Amino acid sequence: MPARPEVAVDAVDAAAYTVPTEVPEADGTLSWDSTTLVTASVRAGPVTGFGYTYANPACVPLIRDTLGGVVTGIDALDVPYGWTQMQHAIRNLGRPGLVSCAMSAVDTAWWDAAAQLLGLPLVSLLGRARAEVPVYGSGGFTAYDDRQLTGQLHQWMSLSVPRIKIKIGESWGTRVGRDLRRVALTRETVSSDVELYVDANGGYGAGQAIRVGQRLAEWDVRWYEEPVSSDDLVGLRQVRDAVPADVAAGEYGYDLVYFGRMVDAVDCLQIDVTRCGGFTEWRRAAAVAAAHNLEISGHCAPSLTVPAAAATPNFRHLEWFADHDRIERMLFDGVPDPAGGAAHPDLSIPGHGLHLRAADAQPYRVA
Ligand SMILES: [Mg+2]
């Protein structure tokens, strides 16, 4: 057996980049004109791992000072041990939200560093469970006009992505007529064999969500994401039991206890590797879902999610979110390709293979 490398974490650093969207974007309950990427680096001997989250620049001092101070000096292969030390250290700050995003960035960078030290692709260190990662094209913002919507749908089809999701629940569920017209337009635009998904981002009340969900069957909608607030577990269960589409939620899951509650309310559990606590917590959340006979679906941050997804047996599909896809192609080397409807982890290089192109990112740096 090769000797175990005796390397400790030497340094942790972070930065934040705010990238304007090309056009205004909105879903059912939020609108935005920029997206902030927070990156983390974990240096250990000869390697530097790269991780990230989509959050607020306030994560930068959390990563650099609070979490960096905790993990520096720990054996670089003992990621779950270091993760537990981070969890203990942030007790009085509170785990959900920005703190968990910061932990996710450090954890994903650290796993990348560990894989590089061992000379292994990250997916091989995590343990590969599948050859490819099915993806779905995600965008269809409520702020789009019909021409923008159909233009994006044609882009997904030109890539032969066989699953497409659009946003509904516009203006907190007050524009159901337009929601349904956009679903109908989407079904008219895409091939009949494309699976159609919708995401209301918690914009409806339970009764309204059930009425909309029954209409969605007219267009063979298979996936109904956050029909009501993901905090309304009773409402999610009511919708799940009343509509033919699968009800999904979980993107605001920042700790394992949250996922343990959510599995009783959904047909498929969503996990965001850049929020949940990184690859370490992703694996445990996926196991919670498996214990309830559920598959999981990856939420956003497509490039970083591919190796986690490829290491997950009970995995359904990964959200190829148009907003993040654009940023990751703008700023990263090594992004996977969703063409054909599936992405593949890079098995040819150690780590996950993603690198920030510093010169391209610098104009957007905010912290
Ligand atoms: Mg969503």
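Reader: Which residues does Ala 102 touch, not counting residues up to four places away in sequence?

Author: Two residues are in contact if their C-beta atoms, placed from the backbone, lie within 7 Å. With residues up to four places away in sequence left out, Ala 102 touches Cys 59, Leu 62, Ile 63 and Leu 67. Please keep in mind that this is a predicted model, in which local features need pLDDT of at least 70 and side-chain atom pairs count only at pLDDT 80 or more, while totals for chains, interfaces and linings use all residues. Residues are numbered from 1 along each chain as its sequence is written.

Reader: How many residues has the largest nonpolar core, and which of them have the most contacts inside it?

Author: A nonpolar core is a set of buried Ala, Val, Leu, Ile, Met, Phe, Trp, Tyr and Cys residues joined through C-beta atoms within 7 Å. A residue is buried if 20 or more other C-beta atoms lie within 10 Å of its own, exposed if 12 or fewer, and partly exposed in between, with C-beta atoms placed from the backbone. Here the largest nonpolar core has 116 residues, and those with the most contacts inside it are Cys 59, Ile 63, Ala 102, Ala 105, Val 106, Ala 114 and Val 198. Helix α3 (residues 98-118) gives the most to this core, with 13 residues, where helices (H or I, at least four residues) and strands (E, at least two) are DSSP runs numbered from the N terminus.

Reader: How is α1 (residues 59-71) placed against α3: parallel, perpendicular or oblique?

Author: Axes are lines fitted to C-alpha atoms, for helices over the stretch in contact, and angles run from 0 to 180 degrees between N-to-C directions. Angles under 35 degrees count as roughly parallel, over 145 as roughly antiparallel, 65 to 115 as roughly perpendicular and the rest as oblique. The axes of α1 and α3 are 9 Å apart and pack at an angle of about 60 degrees, which makes α1 oblique to α3. Among the residues that meet are Cys 59, Leu 62 and Ile 63 in α1 and Ala 102, Ala 105 and Val 106 in α3.

Reader: At what angle do α2 (residues 79-89) and α3 cross?

Author: Their axes come within 10 Å and cross at roughly 160 degrees, and α2 and α3 are therefore roughly antiparallel to each other. The contact is made by residues including Trp 83 and Met 86 of α2 and Trp 110 and Trp 111 of α3.

Reader: Finally, is Ala 301 buried or exposed?

Author: Ala 301 counts as buried, with 26 C-beta neighbours inside 10 Å. Ala 301 lies in the loop between β10 (295-298) and α12 (302-310), and its phi is near 40 degrees, a positive value in a residue other than glycine.
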